[in-house]
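The report below goes through one protein model, beginning with a single side chain and its surroundings and then widening to the bonds, the surface and the whole chain.

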Amino acid sequence: MGVTNSNKVVNTSQIDCDGTLRVTLALTAAPDIISNPTDIALVLDRSGSMTGTPLANTKLGAKTFIDIIAEATGGAPDGQIGAGSHIGIVSFADSATDNTQLITSVDALKNAVDSLNAGGSTNHADAFAKAAQLFDPQSSNAKVIVMFTDGNTTAGPPPAPVAAAAKAQGIIIYCIGLIGSDGLDIDALNEWATDPDASHVAVTPDAADLEKLFAELAANISKTGATNIVIDEIVNPDFTITSVLTPSKGTATMLDSHSLKWNIPELGVSSSESAVLEFIIQHTAQTPGTKLVNQSITYSDDEGNLVTFPQPSVSVVCDIFVTPEECPVPVELTVDGCSDSLIADLGDTYLESQGQIIELNLTIKNVCPGKRVALAAILTEIDENGVEYQRGMKAMTIPAHNFPSCRDVRVRCIKFVVPEDLDVSGGASEAMCNQRNFKARLIAHKIDTDYRCCDSVITF
């Protein structure tokens, strides 16, 4: 069967500017269909939302799937599914219909697909039940259900228990989802499909992708398991790989902060088998927006399986950054190579003496557009008896932003110089070695307000 599914997912759709997310790579492979005959129930959604292009593309995909299986099993020249494998067609709307039994005639299968018309509700439970009934419990063939749907369940009982019962009988379930006009419950597809979800579920918002998804699944079902798998992953430069977890199969190595390599000696050679790798990445750029997680990902194996991975993206939300105090402008000095000393006049400076520098960073929450903020930072030092001594206060105006909604504003680099000769810690005589204790307080209030005093009205 080769590689029957591949997937790449992230655990969240949105992170903060310096946030992290978990990336999951998954593969499933299974033995060659020639030496391991397989019975496949192709289950196709024909509900009302499939009218037009979605149904037309589904038919193209299903017929391509049938052709690939026929060719892989050696039956294509005489128009048959060969090597002991079979395909059956089940379609569903308000209820499900077994349009064919498990048969080998390519023409009969394609005619059944072409005869489908869209209309009605979506009864997934009956579709799973009808598909499971196609299989002969006494047959030693592998049993596979390929469920295609474009919408949520709108008729019949809950489908999850029916799908679970099919899996309990040893039936492998794959789900292909088209995000249709009524939406699609991807969590439900994950629940119905054989674990791991990431390697048994493929979803697309574009009906034009359906033929490709059906073709890739059929091509991979027909090949042998994969050996000497190498996956090279390079993440978007805006992200950094912080850790790579031990994969369920093979070994994974982080090559540098942006790339890793996953090697799997063999997968699915003797039975259907899945492999999962998880790694953690952190957003390290300072720009917001919707960003692709990976820059590139490549796959190779000795069998030449064609494997592509989705390209998940994440929305990065960065706070607004304000730096109210600029660093002092430096005076450039040059010492001649033959000189022992240099005398330089650095000009004027502010009232600061030698000491430690405390830099405060903070976030002002929920600042609405067009509103300036008055901010005060108060610093005190604490002696060994808990008495506070003033070390300074800084007041500043935080400029207004023009984003369409209220946002958090990040204020950075509020600097205080605390001279050593003001040390009240009461520790060792060498002041530079003393631990000093401080308290910082913040007061913030918006300056701009829509409130106005009422006008006085004098009447006689």
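## Surroundings of F128

Leaving aside neighbours within four places in sequence, F128 is in contact with I145, M147, P159, V162, A163, I173 and W192, where contact means heavy atoms within 4.5 Å. F128 belongs to helix α3, residues 124–134; helices (H or I, at least four residues) and strands (E, at least two) are DSSP runs, numbered from the N terminus. With a relative accessible area of 1%, F128 is buried, on a scale where buried means under 20% relative accessible area, exposed over 50% and partly exposed in between, for a 1.4 Å probe and protein chains only. From F128 to D67 the separation is 61 residues in sequence and 24 Å in space, C-alpha to C-alpha.

## Basis of the model

This is a predicted model, in which local features need pLDDT of at least 70 and side-chain atom pairs count only at pLDDT 80 or more, while totals for chains, interfaces and linings use all residues. Residues are numbered from 1 along each chain as its sequence is written, and side-chain values use heavy atoms, with hydrogens and water left out.

## Disulfides

The structure holds two disulfides, a disulfide being a pair of cysteine sulfur atoms within 2.5 Å. One of them is formed by C17 and C318, whose sulfur atoms are 2.0 Å apart. This pair links distant parts of the chain, 301 residues apart: C17 sits in the loop between β2 (14–16) and β3 (20–30), and C318 in the loop between β17 (313–317) and β18 (320–322). The torsion about the S-S bond of C17 and C318 is about 65°, so this disulfide is right-handed, and both C17 and C318 are buried.

A disulfide also joins C368 to C406, with an S to S distance of 2.0 Å. The pair links distant parts of the chain, 38 residues apart, with C368 in the loop between β19 (355–367) and β20 (373–382) and C406 in the loop between β21 (388–398) and β22 (407–419). The torsion about the S-S bond of C368 and C406 is about 85°, so the disulfide is right-handed. C368 is partly exposed, with a relative accessible area of 30%, and C406 is partly exposed at 31%. When the bonded cysteines are numbered in sequence order, the pairing reads 1-2, 3-4.

## Salt bridges

Side chains of opposite charge can pair when their charged atoms come close. The structure holds 15 salt bridges, each defined as a side-chain nitrogen of Lys or Arg within 4 Å of a carboxyl oxygen of Asp or Glu. Among them is the bridge between the side chains of E278 and R22, at 3.6 Å from N to O. E278 lies in strand β14 (residues 273–283) and R22 in strand β3, so the pair ties together parts that are 256 residues apart in sequence. E278 is partly exposed at 25% relative accessible area, and R22 is partly exposed at 33%.

Another salt bridge is formed by D126 and K130, whose closest N and O atoms are 3.4 Å apart; both residues lie in helix α3, four residues apart, about one turn of the helix. For K261 and D232, which also form a salt bridge, the closest N and O atoms are 2.5 Å apart. K261 lies in strand β13 (residues 259–267) and D232 in strand β10 (residues 226–235), so the pair ties together parts that are 29 residues apart in sequence. Salt bridges that share partners also join E381, R391, D423 and R436 into one network.

## A nonpolar surface patch

V331, L333, V335, L342 and L346 form a nonpolar patch on the surface, with about 460 Å² of accessible area together. Patches are made of residues with over 30% relative accessible area and no salt bridge, like charges being joined within 9 Å and nonpolar side chains (Val, Leu, Ile, Met, Phe, Trp, Tyr) within 5 Å.

## The chain as a whole

The protein has six helices and 23 strands, and buried residues make up 42% of its 460 residues. Its radius of gyration is 33 Å, whereas a compact globule of 460 residues would have one near 23 Å; the radius is taken over C-alpha atoms, and the globule rule is 2.2 Å times the number of residues to the power 0.38. Along the principal axes, the C-alpha trace spans about 95 × 90 × 45 Å.

Among contacts between residues at least 6 apart in sequence, 76% join residues at least 24 apart. The accessible surface comes to about 23,300 Å², of which 51% belongs to carbon and sulfur atoms; accessible areas come from the Shrake-Rupley method with a 1.4 Å probe, and for residues only the protein chains shown count as cover.
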